[in-house]
Amino acid sequence: MFAFIVSRVLQAVPVMLAVALISFAMFAYVGDPVAIMLGQDFTEAQRAALVSDLGLDQPFFVQFLRFIGNAAQGEFGLSYRLSRPVAELIGERAPATLELAFCAAIIALVAGVAMGVYTGLYRNSWLSRLLLTVSLIGVSLPPFLVGILLILVFSVWLGWLPSFGRGEVVQLGWWSTGFLTWSGIKALILPSVTLGLFQLTLIMRLVRAEMLEVLRTDYIKFARARGLGNRAVHFGHALRNTLVPVITIAGLQLGGIIAFAIVTETVFQWPGMGLLFIQSVSAADIPVMAAYLVLIALVFVTINLVVDLLYYAVDPRLRIGRAVARGR
Amino acid sequence: MAPILDVRDLRVEFPTRRGTLTALDGVSFAIEPGEVLGVVGESGAGKSMTGAAIIGLLEPPGRIAGGQILLNGRRIDNLPHEQMRRIRGREIGAIFQDPLTTLNPLYTVGDQLIETMQTHLDLSGGEARQRAIGWLEMVGIPAAAQRVDSYPHEFSGGMRQRVVIALALCAEPKLVVADEPTTALDVSIQAQIIALLKRLAREKGTAMMLVTHDMGVIAETADRVAVMYAGRIAEIGPVREVVKDPRHPYSTGLMASIPPLDRRVEHLAQIDGAMPRLSAIPPGCAFNPRCPHVFDRCRVERPELLETGATRAACWLYDPASEKQAPEALRHG
Ligand SMILES: Nc1ncnc2c1ncn2[C@@H]1O[C@H](COP(=O)(O)OP(=O)(O)OP(=O)(O)O)[C@@H](O)[C@H]1O
Ligand code: SF4
Ligand SMILES: [Mg+2]
């Protein structure tokens with residue numbers, strides 16, 4: 001088990017290095033940070049001082065190593081646009097994005113799995129057909145359109161839910177949470193539905209397809225032939241066997257939720273990292289962009305690791321080491 | 001003795017877009033307590049379909065469209081789902097063909113045994129576990145007390161089929177439907193599995209419907225044999241008679257073409273043609289286009305099972321009223 005985790009973590013290292021290289025390359029080749037930071041009027045001495053301050057006179061790989069060293073400590077320098085430490089900016093914005101992504105993921109997983117199981121078990125019922133039709137719309141509408149439609153219905157026409165922002169937040173140490181106030185919770189609903197909808201329909205369709213597949217297998221027939229009840233057959237035997245592929249896709253999709261958050265945050269003016277990223281892109285604020293990139297990569301790598309661990313927990317066939325040790 | 005299983009005039013249909021297919025038509029047979037009935041016939045004859053109808057697990061849209069199935073004298077073909085579920089496993093055990101796919105890969109064999117027993121019997125977790133170990137020992141799994149916590153993939157094919165047998169028997173049903181229990185196994189293991197099944201059935205007094213392509217297995221294990229053709233029973237009788245001295249022209253061809261060991265009977269060496277598809281079963285005797293003894297009546301009237309002396313065969317040659325009677329060669333092998 002421990003060796004398994006270590007090997008997976010080691011596999012993640014090259015991925016993270018590659019991403020670090022890309023974000024570092026942005027520093028080196030996109031725009032000229034010195035020109036941006038100095039503005040219009042500067043002397044040659046000021047310029048030289050800044051260049052050596054930023055370490056830009058060092059050889060490439062020395063700069064890269066220093067970049068990695070700093071990045072590992074969460075140190076990405078100053079934002080060109082706001083002249084504040086990037087880590088601080090991201091730290092302020094991260095809770096908003098993470099809470100949004102968390103809610104969206106929960107909605108997508110819980111509703112997606114439940115609806116997938118239902119439509120798999122009762123594939124001819126009218127509700128299943130309705131869900132499948134609606135889900136087609138769900139996968140084909142772009143998220144920004146979904147967001148705008150939801151705003152139109154629930155904010156403009158019905159006036160039930162706010163159309164932008166996080167509502168009131170409560171500060172817990174450095175973490176600002178919207179979960180503790182009523183207005184914060186109301187503000188979360190539309191954006192998280194918008195963000196989770198695509199993944200929800202995807203997970204639902206996947207679970208349904210897997211359920212149909214598994215329900216045809218011999219071990220399900222045999223479970224029925226042993227006289228097990230519907231509940232045991234459907235949930236104990238069938239659903240559990242659909243989990244391995246579902247975990248894979250759901251894991252990737254959860255990474256996607258954080259990446260997609262950019263669009264949703266823009267539509268809802270959600271003060272998260274995605275909005276920060278968009279603002280940074282238009283201002284060519286390289287340090288923020290680089291940090292964001294590394295962070296997203298880190299999220300993906302972490303999710304992958306968790307997915308692997310879940311496989312291990314769900315499917316005994318992957319615990320090969322143990323089987324061999326025990327002797328077949 | 002009252003039969004444990006009594007199938008009367010069973011008819012199974014599959015409604016399809018192009019009309020209704022009749023997969024089983026007028027199938028009747030009985031199995032006595034402790035008796036082993038072998039069921040043979042070419043691929044597609046309806047052997048598995050018969051087993052599925054008995055355990056109440058026909059694949060939709062297939063359905064029982066006529067006849068009755070009685071278990072211990074009680075009709076079970078029209079029971080509500082929940083009551084039929086309680087019969088499966090408890091009163092009728094089932095053994096499937098491929099042990100590599102019949103066990104759920106995500107649960108230990110012990111969990112699957114315990115789950116089955118606790119579904120049907122009033123057992124505490126500890127008792128069920130003890131019994132699970134006992135069953136694994138009984139089906140010949142070495143070091144059962146440790147292996148009870150192993151997953152299916154940690155066993156070989158033969159060992160897995162032993163586990164499947166334990167699962168089928170663990171709630172002590174009085175009837176077992178075994179559909180080609182050795183077909184998917186190594187030849188070297190088949191005999192062991194059959195010997196195990198035979199021994200357990202005898203020890204527990206379990207009756208068995210044993211579907212197989214292996215005439216060797218039939219000869220060694222079965223008390224009586226039913227030969228199926230195109231969804232009907234062609235001949236049924238004591239194993240010695242049907243295997244050594246078959247009376248129905250189809251059985252004669254089938255026995256004469258017994259392949260070495262266990263190869264499937266796809267085409268009969270002695271008889272030209274192939275079994276008709278369900279959508280094209282000829283009127284009269286279903287075997288008439290291939291039968292070397294065919295005469296006029298066969299193409300018009302469908303034969304019932306008729307006494308032939310030692311067996312009963314669905315063949316007009318054995319009706320004294322027919323214009324043609326069975327030749328000596330058929331009557332005595
Ligand atoms: N879902 C279905 N729809 C229509 N026909 C079916 C269906 N399932 C099976 N059949 C037909 O029913 C007939 C009986 O099939 P069955 O599986 O009982 O044959 P079998 O005697 O067990 O053959 P095998 O030796 O190959 O196992 C076959 O002709 C098959 O094509
Ligand atoms: S009834 Fe006629 S066709 Fe059918 S097996 Fe007997 S002789 Fe042949
Ligand atoms: Mg079959």
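Select A:Arg84 and A:Glu88 to begin: in this predicted model their side chains meet in a salt bridge, with 2.9 Å from N to O, where a salt bridge is a side-chain nitrogen of Lys or Arg within 4 Å of a carboxyl oxygen of Asp or Glu. Both partners count as partly exposed, A:Arg84 at 28% relative accessibility and A:Glu88 at 40%; in these terms buried means under 20% relative accessible area, exposed over 50%, and partly exposed in between, with a 1.4 Å probe and protein chains only.

Residues are numbered from 1 along each chain as its sequence is written, while chains are lettered from A and ligands numbered from 1 in the order in which they are written. Because the model is predicted, local features need pLDDT of at least 70 and side-chain atom pairs count only at pLDDT 80 or more, whereas totals for chains, interfaces and linings use all residues, and side-chain values use heavy atoms, with hydrogens and water left out.

**Chain A**

Step next to A:Ser83, which has a phi near 50°, a positive value in a residue other than glycine. A:Ser83 sits in the loop between α4 (60-72) and α5 (86-121) of chain A, helices here being DSSP runs of H or I with at least four residues and strands runs of E with at least two, numbered from the N terminus. With 52% relative accessibility, A:Ser83 counts as exposed.

Now select A:Asp308 and A:Arg8, a salt bridge in which the closest N and O atoms are 2.5 Å apart. This pair links distant parts of the chain, since A:Asp308 belongs to helix α12 (residues 286-314) of chain A and A:Arg8 to helix α1 (residues 2-29) of chain A, 300 residues apart. A:Asp308 is buried at 16% relative accessibility, and A:Arg8 is partly exposed at 25%.

Colour residues 94-311 of chain A, the range that an unreviewed UniProt entry annotates as "domain: ABC transmembrane type-1"; UniProt positions are given in the numbering used here, feature names are shortened, and annotations may be inferred rather than shown by experiment. Over this range the chain is 80% helix and 3% strand, and its end C-alpha atoms are 28 Å apart. The unreviewed entry also carries the annotation "transmembrane region" for several spans of chain A, among them residues 12-30 and 180-203. Residues 12-30 of chain A are 95% helix and 0% strand, with end C-alpha atoms 27 Å apart, and for residues 180-203 of chain A the values are 92% helix, 0% strand and 29 Å.

**Chain B and ligand 1**

Moving to chain B, highlight residues 5-255, which the unreviewed UniProt entry annotates as "domain: ABC transporter". The span is 40% helix and 27% strand, and its end C-alpha atoms lie 26 Å apart.

Which residues come nearest to ligand 1? Of the 13 residues around the ligand, they are B:Ser43, B:Gly44, B:Lys47, B:Ser48 and B:Met49, a residue being near when one of its heavy atoms lies within 4 Å. Helix α1 (residues 47-54) of chain B gives the largest share of this shell, three residues. The shell divides into four nonpolar, five polar and four charged residues.

A polar backbone atom of B:Gly46 is 3.0 Å from a ligand oxygen, a polar side-chain atom of B:His213 lies 3.1 Å from one, and an N or O atom in the side chain of B:Glu180 is 3.2 Å from one. The protein covers 67% of the 640 Å² of accessible area that ligand 1 has on its own, areas coming from the Shrake-Rupley method with a 1.4 Å probe.

Two backbone features of chain B come next. A cis peptide bond, with omega about 10°, joins B:Pro60 and B:Pro61, and B:Pro61 is found in the loop between α1 and β4 (63-71) of chain B. B:Glu172, in the loop between α7 (157-169) and β7 (175-179) of chain B, has a positive phi near 55° and is partly exposed at 42% relative accessible area.

End the tour with B:Glu301 and B:Arg297, whose side chains meet in a salt bridge at 3.0 Å, N to O. B:Glu301 is partly exposed at 38% relative accessibility, whereas B:Arg297 is buried at 17%. Over all chains, a search of the whole structure finds 26 salt bridges.

Note on methods:
A polar contact is a pair of N or O atoms within 3.5 Å; within protein, one must be able to donate a hydrogen and the other to accept it, and residues adjacent in sequence count only if both atoms are side-chain atoms. Ala, Val, Leu, Ile, Met, Phe, Trp, Tyr, Cys and Pro count as nonpolar, Asp, Glu, Lys and Arg as charged, and the others, Gly among them, as polar.
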